[in-house]
Amino acid sequence: MAKVNFSIKRFNPEKDSKPYYKDYELNVPEGATVLDCLNLIKWTQDGTLTHRMSCRSAICGSCAVKVNGHPKLACK
């Protein structure tokens with residue numbers, strides 16, 4: 001496992017005046033996708049984190065995110 005820092009852009013229009021970044025540190029299992037990591041963060045650190053996913057097969061595009069400024073499919 002490798003320890004990785006995730007800086008995730010958050011925004012709740014009911015509470016926040018503007019978007020902000022929240023940092024999470026995660027021990028990432030070998031072979032994990034970005035989507036796996038987002039799910040682990042949601043399940044173990046912050047239940048308020050929400051994200052879209054559908055097929056988990058890199059077909060539908062529902063899990064598209066920016067990783068280090070580049071568009072990626074989180075499930076791939």
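What is the mean pLDDT of the protein chain, and what share of its residues reach 70 or more? The model is a predicted one, and its mean pLDDT is 95, with 100% of the residues of the protein chain at 70 or more. Among the elements of the protein chain, confidence is lowest in E3, at a mean of 94, and highest in E2, at 97.

**The chain as a whole**

The protein chain contains 1 helix and 4 strands. Read from the N terminus, these elements follow the order β-β-α-β-β. Along the principal axes, the C-alpha atoms of the protein chain fill a box of roughly 35 × 30 × 25 Å.

The protein chain has 76 residues, and 25% of them count as buried. Of the contacts in the protein chain with a separation of 6 or more, 25% are accounted for by residues 24 or more positions apart.

**The largest pocket**

Rolling a probe the size of a water molecule over the atoms shows where empty space is left. The largest pocket has a volume of about 910 Å³. Its lining consists of 36 residues, and those nearest the centre of the largest pocket are Ser 7, Ile 8, Lys 9, Leu 38 and Leu 49. Two or more lining residues are given by each of strand E1 (2-10), strand E2 (20-28), H1 and E3. Which element supplies the largest share of the lining of the largest pocket? That share, 7 residues, comes from E1. By type, the lining of the largest pocket divides into 18 nonpolar, 10 polar and 8 charged residues.

**The loop between H1 and E3**

Several of the residues described here belong to one loop. Arg 52 is found in the loop that runs between helix H1 (34-44) and strand E3 (64-67). Is Arg 52 buried or exposed? Arg 52 is exposed because its relative accessible area, 62%, is over 50%. Beyond its neighbours within four places in sequence, Arg 52 is in contact with Ser 62 and Cys 63. Arg 52 and Val 65 stand 13 residues apart along the chain, and their C-alpha atoms are separated by 9.5 Å.

Ser 62 also has its place in the loop between H1 and E3. In contrast to Arg 52, which is exposed, Ser 62 is buried, with a relative accessible area of 17%. When residues up to four places away in sequence are not counted, Ser 62 touches Arg 52, Met 53 and Ser 54.

Thr 48 lies in the loop between H1 and E3 as well. Its relative accessible area is 54%, so Thr 48 is exposed. Thr 48 and Arg 10 are 38 residues apart in sequence, and the distance from C-alpha to C-alpha is 9.9 Å.

**Residues with positive phi**

Most residues other than glycine have a negative phi. What value does phi take at Arg 56? Arg 56 is not a glycine, yet its phi is positive, at about 60 degrees. Ala 58 likewise has a positive phi, near 60 degrees, in a residue other than glycine. Arg 56 is found in the loop between H1 and E3, and Ala 58 is placed in the loop between H1 and E3 too. The table sets out the accessibility of these two residues.

| Residue | Relative accessible area | Class |
|---|---|---|
| Arg 56 | Arg 56: 42% | partly exposed |
| Ala 58 | Ala 58: 32% | partly exposed |

**The loop between E2 and H1**

Thr 33 lies in the loop between E2 and H1. Why does Thr 33 count as buried? Thr 33 counts as buried because its relative accessibility is 16%, and the cut-off for buried is under 20%. Leaving out residues up to four places away in sequence, Thr 33 touches Ala 74, Cys 75 and Lys 76.

Note on methods: Residues numbered from 1 in each chain as written. Predicted model: local features only at pLDDT ≥ 70, side-chain atom pairs only at ≥ 80, totals over all residues. Heavy atoms only, no water. Buried < 20%, exposed > 50% of the residue type's maximum accessible area, 1.4 Å probe, protein only. Contact = heavy atoms within 4.5 Å. 1 Å grid on protein atoms, 1.4 Å probe; cavity = no way out; pocket = protein on both sides within 12 Å on 5 of 7 lines; lining within 4 Å. Points joined across faces, edges and corners; volume = space filled by probe spheres on them. Nonpolar A, V, L, I, M, F, W, Y, C, P; charged D, E, K, R; others polar. pLDDT = per-residue confidence, 0-100.
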